[in-house]
Amino acid sequence: RIQILFEMQMKSSRFSTKELRKKFLQQALSYIGTPYHRREHGLESPFHKRPVYLDCCGLVRKVCHDLKSELGFVLGPWNQGYQYDTLPIRYNSPSQMQPGDLVFVSGTYLKPKAKKQIHDMVHVEIWLGDGNRTLGARWKKSVVEIHESYEYVSRSYNNMKFHFCSIDTWLQGVCQSFCSLHPWVRKPSVSRVIPVRTNPRQFPTRPFSAVVRRKKKKPENLPHEI
């Protein structure tokens with residue numbers, strides 16, 4: 001914990017937590033009307049070929065990316081399960097939430113073949129306050145919009161539980177996994193090197209020929225002999 005507090009102090013930006021929270025919220029609200037994921041809007045959709053598409057975790061990621069210089073970090077590319085693991089301050093009641101905090105939803109997919117999510121996290125929205133209002137991309141065929149309540153009924157999953165998380169850790173410039181089971185570290189990419197055979201003796205098991213076989217040119221159209 002001492003190390004985490006030290007990192008938070010070292011990485012804190014020139015903006016206060018209150019100012020950053022306000023910026024985070026304003027930036028999120030600027031995406032109202034942005035359609036859900038591109039794959040949900042085909043040729044028949046009025047949102048076809050829009051410049052930006054945002055699903056639930058994509059909205060949070062986009063806002064953090066827009067404010068990366070102020071926050072002091074770049075949020076990773078993973079989904080809501082990862083975002084949940086980077087926010088260790090959690091509340092038991094929505095009454096403790098501040099505008100800009102995140103509401104995560106865990107649940108069980110109704111389709112047996114659906115991909116299981118880390119911590120069963122299936123959705124995330126941004127808390128607005130003013131009652132229980134939230135901002136998020138909740139419906140696949142819709143857009144980023146304001147919802148009157150964080151509670152809803154889904155047709156894709158059940159056994160829903162709501163998790164209330166503060167974004168103060170992010171506002172202090174710290175973004176890392178606090179889950180011992182999921183470090184969320186990018187795997188280094190392995191590039192395949194294809195050797196160039198300049199000497200046939202380098203690869204005795206595979207025959208090599210330096211002779212390039214050229215296709216024979218078709219004869220020009222000459223007059224037929226009579």
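This is a predicted model: local features need pLDDT of at least 70, side-chain atom pairs count only at pLDDT 80 or more; totals for chains, interfaces and linings use all residues.
Residues are numbered from 1 along each chain as its sequence is written. Local features need pLDDT of at least 70, side-chain atom pairs count only at pLDDT 80 or more, and totals for chains, interfaces and linings use all residues, while side-chain values use heavy atoms, with hydrogens and water left out.

Helices (H or I, at least four residues) and strands (E, at least two) are DSSP runs, numbered from the N terminus. Two strands pair if DSSP finds at least two bridges between them. On this basis, 6 strands form an open sheet in the order β1-β6-β2-β3-β4-β5, with antiparallel pairing. The edges are held by β1 (90–91) and β5 (145–147). Each has a single partner strand, so one side of each is left without a neighbour in the sheet. Strand β3 (residues 121–129) pairs with strand β4 (residues 133–136) in the antiparallel sense over 3 bridges. Within β3, I126 stands opposite L135 in β4.

Two helices are described against this sheet. Contact means heavy atoms within 4.5 Å. Axes are lines fitted to C-alpha atoms, for helices over the stretch in contact, and angles run from 0 to 180 degrees between N-to-C directions. Helix α2 (residues 17–29) lies across β3, β4 and β5 and runs at about 110° to β3. Helix α3 (residues 56–66) packs on the sheet and touches β2 (102–109), β3 and β4. The direction of α3 makes about 55° with that of β3.

The loop between β3 and β4 contains G131. Buried means under 20% relative accessible area, exposed over 50%, and partly exposed in between (1.4 Å probe, protein chains only). G131 is exposed, at 55%. Its C-alpha atom is separated by 7.9 Å from that of E148, 17 residues apart along the chain.

Aromatic rings were then paired. Rings of Phe, Tyr and Trp (its six-membered ring) pair if their centres lie within 6.5 Å; planes under 30 degrees apart count as stacked, over 60 as edge-to-face and the rest as tilted. The count comes to 10 aromatic pairs. The ring centres of W78 and Y82 are 4.9 Å apart and the planes stand at 65°, so this pair is edge-to-face. W78 is partly exposed at 24%, and Y82 is buried at 6%. Y84 and F104 are also edge-to-face, with centres 5.4 Å apart and planes at 75°. This pair links distant parts of the chain. Y84 sits in helix α5 (residues 80–85) and F104 in strand β2, 20 residues apart. Y84 is buried at 11%, and F104 is buried at 0%. Ring pairs also link W127, Y150, F162 and F164 into a cluster.

A charge sits over a ring if NZ of Lys or CZ of Arg is within 6 Å of the ring centre and within 35 degrees of the ring normal. R90 lies over the face of Y84, at 3.8 Å from the ring centre.

A disulfide is a pair of cysteine sulfur atoms within 2.5 Å. The count is 0 disulfides. C56 is in none; the nearest cysteine sulfur, that of C57, is 4.7 Å away. C56 is buried at 7%, and C165 is buried at 0%.

T169 belongs to helix α6 (residues 168–171). T169 is buried, at 3%. Leaving aside neighbours within four places in sequence, T169 is in contact with T86, L87, P88, I89, V174 and F178.
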